[in-house]
Amino acid sequence: MFDDLSDLYQQVILDHSKSPRNFRVLPQANRIAQGYNPLCGDNITLYLEMAGDVVKNVAFQGSGCAISKASASILTETLKDKTTSEIRSLFGRVHDLITTGKCDGDPIGKLAVFAGVHKFPARVKCAILPWHAAMSAIDGKQEPVSTE
Amino acid sequence: MSFLNKTQFPRARNVSWELIRSDFPILEQTVNGEALVYFDNAATSQKPNAVINAIRKYYETGNANVHRGIHELSNRATASFEGGRQRVASFVNAASADEIIFTRGTTEGINLVAATWGVANLKAGDKVLLTEMEHHSNIVPWQLLCERVGAELLYVPVVGDSNELDMEAFDQLLGQGVKLFSVTHISNTLGILNPVAELCQKARAAGAVTVVDAAQSAGHLKLDVQALGCDFLAFSGHKMCGPTGIGVLFGRLPILESMPPYQGGGEMISTVDFFKSTYNKPPHRFEAGTPDISGVVGLHAAMDFLDSIGREAIFEHDQDLAEYAYHLLSEVKGIRLFGPRAGRAGLVSFLMEDVHAHDLVTFADQKGIALRGGHHCNQPLMKKLGVPSTARASFYFYNNRNEVDYLVEVLVEIQRFFSSNSTS
């Protein structure tokens with residue numbers, strides 16, 4: 001009945017939104033960033049534990065729609081053990097994927113489930129919010145980020 | 001579906017609603033391959049041919065600036081504009097057209113009261129009373145005013161399962177010496193119709209100036225500012241079949257006459273010297289610059305259109321749809337509804353268990369249904385209700401029960417999609 005949406009709301013997204021991974025406060029976090037979309041109410045707090053340039057641990061808390069929650073959940077799995085320069089490069093590719101459905105370079109793994117988001121322009125901001133929070137965290141910014 | 005108990009709700013009076021609907025060109029389209037079901041009327045209504053054509057005719061035959069030309073077209077434009085003001089006065093039963101100020105919408109009307117009456121009359125320690133169900137546009141202007149003059153904000157709580165105003169608390173709060181009371185006529189989230197006449201009567205008896213936010217009511221029921229007994233009342237043209245960008249602030253004339261100007265410019269002055277000006281009388285004192293003339297022309301046509309149907313009939317129709325929808329949705333397991341079951345205005349707000357409102361609205365959109373999902377500019381109320389957002393279906397006279405039946409079918413499908421794909 002919901003053909004186009006079934007592409008977007010795949011099992012992976014529904015699974016991660018219902019049972020988000022790393023969904024907790026990270027007490028040892030040394031970088032914390034807030035993502036907040038005031039118009040729709042999605043909000044996320046992202047916790048990173050950095051050792052030098054490398055993300056050792058990552059977790060999040062917050063509330064939002066299935067897309068934003070799944071995006072945050074998959075992001076936490078993706079960032080672990082990556083360096084900040086790897087994350088910056090990945091951000092560009094994820095941004096392309098979410099906004100155009102395509103991205104260059106190596107296979108992007110589980111993140112490929114977000115290729116369908118661009119067909120629903122109103123939902124792009126939901127998928128991209130956790131990624132902006134991640135960039136804010138590694139840049140050490142204090143103010144909450146928004147993608148609205 | 002077994003829960004579609006249609007006989008419980010007799011249809012509203014015999015009006016040819018289908019014929020009226022056919023006057024709205026925008027409704028005759030498909031969205032995502034499905035016939036459009038427009039249920040976002042609390043955000044903005046659609047426009048009938050009568051309004052679209054009136055604006056077109058104005059620009060084709062009568063456009064000029066108002067109040068300053070001597071030529072024929074300027075006279076025509078002025079007659080259209082001031083004729084619109086007279087029409088608004090009769091639409092809300094104001095004692096005089098001088099009590100009608102044109103604004104950009106409800107938000108500007110409330111800001112105008114705060115910036116003029118508020119700044120001139122409130123001082124440190126004075127109290128402004130609002131309610132917990134106000135739209136941001138009836139909260140933030142008062143916060144700005146209170147920050148500026150040092151006044152204090154108080155709120156009438158919403159209580160009980162249906163989240164109606166706590167009238168005992170209202171009486172008690174009024175006893176604290178309130179200078180201004182501002183309240184919404186209809187809650188855009190809860191669908192509650194507040195007892196505005198009673199509230200205003202009590203507030204005025206306690207010495208408060210009263211403001212009514214009629215954004216959700218002006219196009220849906222008969223408004224009578226004298227019967228309501230309010231000092232100010234604000235509404236928007238675009239939620240009542242008129243164009244965007246035009247709104248109305250009613251103010252009782254003795255109060256308007258006592259108020260300083262809002263913005264400075266042409267139209268609002270009497271004489272201007274290099275260092276000192278004198279100001280025009282109300283309502284022109286509050287209308288600086290060239291006004292939205294075509295907006296007034298469109299609003300005039302919208303008011304005529306609504307009255308050709310009858311606002312009592314419109315209210316009965318919208319209420320019937322809302323109560324019908326509330327009833328059907330209350331039979332669906334896993335749906336939580338907000339506001340009262342009966343006696344409500346023409347909208348329903350709800351949550352579906354385990355499905356976020358934004359996901360629900362995206363799915364409904366795929367089936368051609370326009371809903372609103374979010375906090376509805378009611379963030380403090382949402383916090384109080386303990387929910388981040390709700391989905392909302394808001395109705396108007398061109399909607400019908402078949403569309404509500406379709407909404408319920410689609411919602412059940414959405415629920416099925418999320419539960420069948422559940423891994424938990």
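**Two interfaces of chain B**

Let me begin between the chains: this is a predicted model, and chain B and chain A share one salt bridge. The partners are Asp359(B) and Arg123(A), with their closest N and O atoms 2.9 Å apart. On the side of chain B that touches chain A, helix H12 (357-366) and helix H14 (401-420) of chain B each supply at least two residues. That side consists of six nonpolar, 11 polar and four charged residues. In contact terms, 21 residues of chain B meet 22 residues of chain A. The two chains bury about 1,900 Å² between them, with 61% of it on carbon and sulfur atoms.

Now to the inside of chain B. The domain assignment gives domain 1 as 6-31 + 310-420 and domain 2 as 51-308. Their C-alpha centres are 28 Å apart. Domain 1 of chain B puts 32 residues into the contact and domain 2 of chain B puts in 34.

How much area is buried between these two domains of chain B? About 2,700 Å², and carbon and sulfur atoms give 58% of that. Of the area domain 1 buries against domain 2, 27% comes from Arg311(B), Leu381(B) and Tyr396(B), more than from any other three residues.

On the polar side, the domains of chain B have 19 residue pairs in polar contact and two salt bridges. Lys384(B) forms a salt bridge with Glu132(B), closest N and O atoms 2.8 Å apart. Among the elements of domain 1 that touch domain 2, H13(B) gives the most, with six residues. By class, that side of domain 1 has 17 nonpolar, eight polar and seven charged residues.

Notes: Residues are numbered from 1 along each chain as its sequence is written. Chains are lettered from A and ligands numbered from 1 in the order in which they are written. This is a predicted model: local features need pLDDT of at least 70, side-chain atom pairs count only at pLDDT 80 or more; totals for chains, interfaces and linings use all residues. Side-chain values use heavy atoms; hydrogens and water are left out. Contact means heavy atoms within 4.5 Å. Buried area is the accessible area (1.4 Å probe) that two parts lose on being put together, summed over both. A salt bridge is a side-chain nitrogen of Lys or Arg within 4 Å of a carboxyl oxygen of Asp or Glu. Helices (H or I, at least four residues) and strands (E, at least two) are DSSP runs, numbered from the N terminus. Ala, Val, Leu, Ile, Met, Phe, Trp, Tyr, Cys and Pro count as nonpolar, Asp, Glu, Lys and Arg as charged, and the others, Gly among them, as polar. Domain bounds come from an automatic or database domain assignment. A polar contact is a pair of N or O atoms within 3.5 Å; within protein, one must be able to donate a hydrogen and the other to accept it, and residues adjacent in sequence count only if both atoms are side-chain atoms.
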